[in-house]
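Q: I am new to this structure and would like to go through it step by step. Could we start with the sulfur links?

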Amino acid sequence: MVLEAIELYRTGNDLHKKVITRTCSPNGGVCHNQSEYPDLRTPANFLATINAPCNVQPGDWTSVDDRCEQAGDRFMMADRDAPEVEIGHVEYIPGDIQDYREAGILPEVGSPGFHVFLREPLAIDREEIWGGGRFVRTFINDQGIIEDLPYATFTTRWWILDEGRHLVGEVRNYQIDRINELNAVGIVQGDLNRNGIYGARQERPVSLLTPGSPERSYLIGRMRGTMMGQPVAGSRMPLANQPLTIPEMLALFCFVEGLPADGAWPDMSAAIDYASCSYSDDPENLNLLGEGVTWKGRVSKVLQANCGGCHGGNNPAEDLDLRSEDAYEHLFNASVQRPGLKLIEPGNPEQSYLWLKLINDESIEGYPMPYNPLTGEGSLREGELGDIQTWITNGAIRDE
Ligand code: HEC
């Protein structure tokens with residue numbers, strides 16, 4: 001394994017060209033480019049992920065990992081004698097403005113307006129207030145001096161709800177541009193995934209790539225599905241491509257372990273130091289199967305639960321039994337629908353007809369699986385698909 005890695009991925013450039021960009025093709029552009037953070041297309045883009053925060057531009061806030069959350073900016077009412085409070089999350093809900101006061105009602109979660117959710121109550125003993133909501137951030141300037149700077153103010157009528165933990169600013173038509181500007185500035189939110197845990201308060205946030213520490217590198221955690229012994233939120237990467245092989249993982253781990261501790265960029269044409277890399281002793285450990293993606297522990301259970309209803313019992317659909325004890329043995333038969341392909345071709349999802357049925361590949365006969373008789377469509381969840389793909393790529397091994 002080590003020899004294979006040394007030969008194929010000798011330098012940082014090899015790693016970038018053969019491993020990192022591969023994870024973005026053949027669907028080049030769909031995964032990581034300028035519009036999707038992090039951009040990984042060039043070696044410089046890849047290096048820019050060193051010490052860079054993770055999940056700063058989540059397509060979907062539910063997939064943000066607590067360990068990526070930064071200490072949030074703070075909010076205060078200008079001209080009021082109340083302390084600043086850390087921002088949990090903000091959300092602009094567009095919609096016809098409601099004159100809540102005139103209507104004699106209070107806005108709610110989900111009402112149109114600019115919502116600011118705070119970590120602690122803002123100590124203002126009123127239900128409603130006209131004024132400037134001020135956003136404050138702590139900067140470290142060139143001289144290393146820490147400064148608290150108000151960087152934006154939004155003046156409107158604010159409703160103070162939930163004992164001061166939730167503020168709703170009215171947004172009239174002429175104020176929409178202002179709100180968009182504010183969002184574009186990128187308010188740092190302490191509880192981006194809205195689960196009540198302020199990640200930065202628990203421990204130092206992890207980075208996309210943390211020099212010396214693959215275990216604290218979110219890019220790697222996202223590929224493994226775990227980081228520091230805990231599951232990572234969101235689907236496994238690379239989503240649309242083959243997961244990394246052991247030599248590929250080894251190259252990435254040794255590259256990150258060998259990064260200069262001061263965050264400086266390494267010479268990408270220099271050889272990766274496999275000899276003193278701590279992961280070279282036992283590369284098998286980096287096998288993604290080591291993360292619980294086994295036949296017995298995972299894959300057989302997903303198939304039994306999602307497929308066994310039709311592919312099991314006395315008369316399984318297409319004579320394919322995915323439920324019984326010896327289900328594993330049938331997996332390497334030729335497909336009925338495409339006899340040129342096996343159902344599972346170890347090491348190669350793209351040549352595995354069962355996989356093609358799962359991802360609704362355009363070449364399949366019949367319906368995508370798991371078939372849903374009501375809609376004719378159906379899909380496993382991303383995490384389940386990712387695990388099955390990892391398992392096939394790593395040889396579709398049976399663990400006893
Ligand atoms: C509601 C019943 C139903 C469920 C649930 C279901 N299947 Fe199927 N499956 C069928 C039927 C019917 C066919 C044949 C018609 C077709 O392919 O559309 C089939 C065909 C297949 C084939 C083609 C077999 C061959 O030899 O070419 C595969 C592979 C397959 N299913 C896998 C799965 C997997 C994996 C799951 C679970 C993730 C699943 N199916 C869930 C009913 C089902």
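A: This is a predicted model. In it, the torsion about the S-S bond of C254 and C277 is about -80 degrees, so the disulfide is left-handed.

Q: Where do C254 and C277 sit in the chain?
A: C254 belongs to helix α8 (residues 246–257), while C277 is in the loop between α8 and α9 (295–307). The two are 23 residues apart, and the pair links distant parts of the chain.

Q: How far apart are the sulfur atoms of C254 and C277?
A: They lie 2.0 Å apart.

Q: Are C254 and C277 buried or exposed?
A: Both C254 and C277 are buried.

Q: How many disulfides does the structure hold?
A: It holds two. Besides the link already discussed, C54 is joined to C68, with an S to S distance of 2.2 Å.

Q: Which hand does the link of C54 and C68 have?
A: The link of C54 and C68 is left-handed, with -105 degrees about the S-S bond.

Q: Which parts does the pair of C54 and C68 tie together?
A: Both C54 and C68 lie in the loop between α3 (43–47) and β1 (74–77), so the pair ties together parts that are 14 residues apart in sequence. C54 and C68 are both buried.

Q: What pattern do the disulfides follow along the chain?
A: With bonded cysteines counted along the chain, the pattern is 1-2, 3-4.

Q: On to the metal, then. Which protein donors does the iron atom of the ligand have?
A: The protein donors are H311, through NE2, and M369, through SD. They lie 2.0 to 2.2 Å from the iron atom.

Q: What geometry does the site of the iron atom have?
A: The site is octahedral, with six donor atoms and angles of 84 to 178 degrees among them.

Q: Where in the chain are H311 and M369?
A: H311 is in the loop between α9 and α10 (327–330). M369 is in the loop between α11 (353–358) and α12 (382–393). The pair links distant parts of the chain, 58 residues apart.

Q: Is H311 buried or exposed?
A: H311 has a relative accessible area of 10%, so it counts as buried. M369, at 22%, is partly exposed.

Q: Changing topic: which residues in the largest nonpolar core touch the most other members?
A: They are L15, F46, Y218, L252, F255 and Y274, in a core of 38 residues. At least two residues of this core come from each of α2 (12–20), α3, α7 (218–224) and α8. Helix α8 gives the most, with eight residues.

Q: What does L15 touch?
A: Not counting residues up to four places away in sequence, L15 touches I20, F46, A251, L252, F255 and I272. There is also a second, separate core of 25 residues, which includes L303, Y328, L354 and I392.

Q: And the strands: how many bridges join β4 to β5?
A: There are 13 bridges between β4 and strand β5 (residues 146–161), and the two run antiparallel. One of the paired positions is G132, whose bridge partner in β5 is T155.

Q: What do β4 and β5 form?
A: They form a hairpin with five residues between them. In the turn, G144 has a positive phi of about 80 degrees.

Q: How does β1 pair with β4?
A: β1 and strand β4 (residues 128–140) pair in the antiparallel sense over four bridges. M77 stands opposite G133 in β4.

Technical notes
Residues are numbered from 1 along each chain as its sequence is written. This is a predicted model: local features need pLDDT of at least 70, side-chain atom pairs count only at pLDDT 80 or more; totals for chains, interfaces and linings use all residues. Side-chain values use heavy atoms; hydrogens and water are left out. A disulfide is a pair of cysteine sulfur atoms within 2.5 Å. Buried means under 20% relative accessible area, exposed over 50%, partly exposed in between (1.4 Å probe, protein chains only). Donors are N, O and S atoms within 2.8 Å of the metal (3.2 Å for Na, K and Ca); water is not among the atoms, so sites may look incomplete. Four donors count as tetrahedral if all angles lie between 85 and 135 degrees; four count as square planar and six as octahedral if opposite donors are over 155 degrees apart and all others between 65 and 115; anything else is irregular. A nonpolar core is a set of buried Ala, Val, Leu, Ile, Met, Phe, Trp, Tyr and Cys residues joined through side-chain atoms within 4.5 Å. Contact means heavy atoms within 4.5 Å. Two strands pair if DSSP finds at least two bridges between them.
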